[in-house]
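Here is a short report on a protein chain and its ligand. Look over the sequence and the structure before reading on.

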Amino acid sequence: MSVAASRRIAAALRQPGRTCASAATTSHTSRRRCFSSTGSRQLMETTGFTENELMVREAIGAVCSQFPNTYWQERDETETNPTDFHAALAKDGWLGIALPESYGGAGLGIAEATMMMQTITESGAGMAGAQAIHANVYATQPLAKFGSKEQLEETIPAIISGKVRVCFGVTEPNAGLNTLSLTTAATKTDDGYVVSGQKIWITNAQVASKMILLARTTPQEEATKPSEGLSLFCIPLDKSQPGLELRKIKKMGGRAVDANEVFFDNYKIPASSLVGQAGKGFKMALHGMNAERCLLAGEALGLGYAALGKAAQYARERVVFNRPIGMNQGVAHPLADAFMRLEAAKLATYHAARLYDASKKDSSIRQDAVGVAANSAKYMAAEAAFTACERAVLAHGGMGYAAEYDVERWFRECLVPRIAPVSREMILNYISERVLQLPRSY
Ligand SMILES: Cc1cc2nc3c(=O)[nH]c(=O)nc-3n(C[C@H](O)[C@H](O)[C@H](O)COP(=O)(O)OP(=O)(O)OC[C@H]3O[C@@H](n4cnc5c(N)ncnc54)[C@H](O)[C@@H]3O)c2cc1C
């Protein structure tokens, strides 16, 4: 079913005549009408997007419209996983948007996947909706590139159909952003490995049956280079097996989706779970990181546009001192400014995503250029989203603090793109060092 569905997506998007040029003549009005589940008018300017990107936006918008804001409010309050939302996207093959066609994926690029993630957050689902599927889209990229034929045949179709859910296990409490210092160890045994150590902030670990795990197979002091000695695994996450314990973290936002501390204590994994060559895991994980920054940037944009749309609607309708509050420039100008910040970040985001995709086919595009574009986009989109969400709350006055108006939920969630998967400060460090050639500060 999922394989057929994914092929349908690919075929629909690849019909002859669907070109960038035809996108410019598309009726944006009709696309806008069918998209929003927030009830507010869609704000983002869509001129210049490719036909495929717009088709993805329209199709994902249609799926999301089945999940109104009240659904997400309720999931947030009760902290229940949006399994039916995940299933709805899986049903039509969307989880395989950027996975290879040979394994049932749609074989599209990160630009289309970014549009999918943006459309999800923008629909009102917010970061909870995005996080429900995020790892399935990006953490599977290194697996698809470096996994063996057997691994891909076993996992990719099952991930696309929604039968298997994936989480990504990198962050550790004692390593923080210094990923190279992580200590969770996978030790070789006769018939596989045993894993011992601790991961933190692992999203969806409660509902996932597989984890893409980065663990140390050579102690740091014995590794030839700091980036060597880490290996990538695609492991079963079997909660009934000894040596595995999960503890849910109480968190600020995106409460529908679980985040966890994961404890491994001599947890057995099969030898076949190793992805690619042992010791080269960090480089493989990096493969997915630029893609993830683009997806996160898209998610941030969607959140920002959703919040701004709601704020503009409220500012048109709310009457105080006998006039709509939006007649006051003190209310209107911050919103107009937030719009332009989002539009600028949008250009940076889709530039980065398209550059990432082009670099797969054109070796003259340097990976460090992709890295600069992807990091800059994530930074700018996260900041623009924060500005939009904060101003949306303030434009609502007291009602901005009420769950019913959604903007408080999005405001709580908009901190995530600023923190993860890499913080603002580390992006500033990266640009200082790589672009401005300033001395490394850490
Ligand atoms: C909601 C959520 C979901 C997540 N999901 C996942 C997941 O599924 N899988 C996963 O592996 N991880 C996940 N993470 C973890 C996330 O990637 C990390 O929280 C993030 O990378 C930051 O790491 P840290 O929390 O250890 O921060 P720390 O490394 O402890 O840093 C703390 C602060 O110090 C600053 N800082 C540290 N060093 C420097 C320096 N040299 N210069 C300037 N500033 C510095 C940082 O910028 C940051 O502001 C998630 C996090 C959140 C909040």
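The unreviewed UniProt entry annotates residues 167–266 as "domain: Acyl-CoA oxidase/dehydrogenase middle". UniProt positions follow the numbering used here, feature names are shortened, and annotations may be inferred rather than shown by experiment. The model is predicted: local features need pLDDT of at least 70, side-chain atom pairs count only at pLDDT 80 or more, and totals for chains, interfaces and linings use all residues. Residues are numbered from 1 along each chain as its sequence is written.

Residues 167–266 are 0% helix and 47% strand. Their end C-alpha atoms are 20 Å apart. Helices (H or I, at least four residues) and strands (E, at least two) are DSSP runs, numbered from the N terminus.

**Ligand shell**

The ligand is surrounded by 22 residues (C-beta atom, placed from the backbone, within 6 Å). The closest are Thr-171, Gly-176, Ser-423, Glu-425 and Tyr-442.

Domain 2 (166–279) and domain 3 (281–435) both give residues to the shell, so the ligand lies between them. Domain bounds come from an automatic or database domain assignment.

**Domains 1 and 3**

Domain 1 covers 48–161. The C-alpha centres of domain 1 and domain 3 lie 19 Å apart. Their contact (C-beta atoms, placed from the backbone, within 7 Å) takes 28 residues from domain 1 and 28 residues from domain 3. On the domain 1 side, α7 gives the most, with 16 residues.

Note on methods:
Contact = placed C-beta atoms within 7 Å.
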